[in-house]
Amino acid sequence: MIILQIVTNEIEVAKKLISGTYDGKLKSHAKLMTIAKYYLHEELKDARTVKVLLDEYLANRSEKYIWEINDSYLKSIVKKANASQLINIQPIEIYESEVEQIRKVKHLVKEKVLFSFLVYAKINMQIKDNSKGWVGNTTKEIFDSADVNYTAQKRELLVGSLVKDGYLNLSMNNQNTSRQVNYISLTGRVFATIDNFEQLGLQYESLFGISDVIKCERCGVLVRKKGTKTKHCNLCSKENWKEYNAKYRDWE
């Protein structure tokens with residue numbers, strides 16, 4: 001499953017992480033940050049207690065965990081978590097004027113990439129009021145979200161063409177790889193409301209009837225419907241087949 005690097009509802013994710021029910025693909029550092037922010041800002045625990053709880057979280061998940069090695073690392077996480085706030089992204093409105101600009105490209109891959117840039121920019125605007133439509137995520141993250149499997153060179157060439165056409169701005173700082181979305185609107189007639197920030201390329205295809213997109217009945221990820229029998233994603237189809245074969249062997 002492709003997910004954003006931003007945790008869009010940290011309270012919900014933190015509760016699942018702590019209870020052991022989280023099934024996403026968040027990296028270890030992001031997990032610890034999310035848990036630390038939850039304990040500090042939601043449960044109002046002090047920094048020393050939070051560090052102990054992070055120690056316990058890691059120890060319960062690794063037989064070889066040695067707390068002394070991670071002491072300074074966990075202290076830095078708690079310090080950073082204390083200086084930031086819990087994130088809870090609200091549904092994002094996409095306006096007709098924004099869609100009109102995207103559709104002018106008349107190139108499906110570019111349209112999906114622009115749609116992903118737009119959603120990321122609006123997420124950043126909720127997190128930071130003065131973000132002004134800037135997106136700091138990597139090009140690969142954007143393309144993965146857009147469901148576009150390009151090489152690094154092709155990704156940069158495509159983004160370069162979008163900059164040339166005026167859809168994106170590059171930072172004047174050569175060491176800053178952020179891109180600014182030029183077609184973002186602050187108000188307008190709502191075309192669609194996005195409350196799922198994963199698989200944005202498939203959502204775009206679904207919005208315009210380009211593909212018949214359904215949710216996998218087992219895991220909930222979006223999949224292109226290839227026929228009347230499509231009910232699951234490829235991974236879940238394989239798991240279903242394994243389970244069926246296991247039951248069939250038991251009957252013999």
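## An aromatic cluster

Phe-115, Phe-191, Tyr-204 and Phe-208 are linked into a cluster by ring pairs, where rings of Phe, Tyr and Trp (its six-membered ring) pair if their centres lie within 6.5 Å, and planes under 30 degrees apart count as stacked, over 60 as edge-to-face and the rest as tilted. The model is predicted, so that local features need pLDDT of at least 70 and side-chain atom pairs count only at pLDDT 80 or more, while totals for chains, interfaces and linings use all residues. Residues are numbered from 1 along each chain as its sequence is written, and side-chain values use heavy atoms, with hydrogens and water left out.

Six aromatic pairs are found in a search of the whole structure. In the pair of Phe-115 and Tyr-204 the ring centres are 5.3 Å apart and the planes stand at 55°, so this pair is tilted. Helices (H or I, at least four residues) and strands (E, at least two) are DSSP runs, numbered from the N terminus. Phe-115 and Tyr-204 are both buried, a class that means under 20% relative accessible area, with exposed over 50% and partly exposed in between (1.4 Å probe, protein chains only). A further tilted aromatic pair is formed by Phe-143 and Tyr-150, at 6.1 Å centre to centre and 40° between the planes; Phe-143 is buried, with a relative accessible area of 1%.

## Helix 6 against helix 9

Two packed helices are described by the angle between their axes and the distance between the axes. For helix 6 (residues 108–127) and helix 9 (residues 200–207), the axes come within 9 Å and cross at roughly 115°; axes here are lines fitted to C-alpha atoms, for helices over the stretch in contact, and angles run from 0 to 180 degrees between N-to-C directions. Helix 6 and helix 9 are therefore roughly perpendicular to each other, given that angles under 35 degrees count as roughly parallel, over 145 as roughly antiparallel, 65 to 115 as roughly perpendicular and the rest as oblique.

On the side of helix 6 the contact (heavy atoms within 4.5 Å) is made by Leu-108, Glu-111, Lys-112, Phe-115, Ser-116, Val-119 and Tyr-120, and on the side of helix 9 by Leu-200, Gly-201, Tyr-204, Glu-205 and Leu-207. Sorted by class, this contact of helix 6 with helix 9 has seven nonpolar, two polar and three charged residues, where Ala, Val, Leu, Ile, Met, Phe, Trp, Tyr, Cys and Pro count as nonpolar, Asp, Glu, Lys and Arg as charged, and the others, Gly among them, as polar.

## The surroundings of helix 9

Six of the eight residues of helix 9 are buried, so this helix is largely enclosed by the rest of the structure. Those buried residues are Leu-200, Gly-201, Leu-202, Gln-203, Tyr-204 and Glu-205, and they pack against helix 5 (96–103), helix 6, helix 7, strand 5 (190–194), strand 6 (213–215) and strand 7 (222–224). Helix 9 is followed by Gly-209, which has a positive phi near 65°.

## Helix 2 against helix 3

Helix 2 (residues 28–42) packs with helix 3 (residues 47–59) at an angle of about 140°, the axes being 10 Å apart, and that makes helix 2 oblique to helix 3. Lys-31, Leu-32, Ile-35, Ala-36, Tyr-39 and Leu-40 of helix 2 meet Ala-47, Val-50, Leu-53, Leu-54, Tyr-57 and Leu-58 of helix 3; by class, this contact has eleven nonpolar, no polar and one charged residues.

Leu-44 is found in the loop between helix 2 and helix 3. Its phi is near 55°, a positive value in a residue other than glycine, and at 67% relative accessibility Leu-44 counts as exposed.

## The loop between helix 7 and helix 8

Asp-147 lies in the loop between helix 7 and helix 8 and, although not a glycine, has a positive phi of about 65°; with a relative accessible area of 35%, Asp-147 is partly exposed. Asn-149 is found in the loop between helix 7 (139–145) and helix 8 (152–164) and is exposed, with a relative accessible area of 78%. Asn-149 and Val-109 are 40 residues apart in sequence, with 9.8 Å from C-alpha to C-alpha in space.

## The chain as a whole

The protein chain has ten helices and seven strands, and its C-alpha trace spans about 65 × 55 × 35 Å along the principal axes. Of its 252 residues, 40% count as buried.
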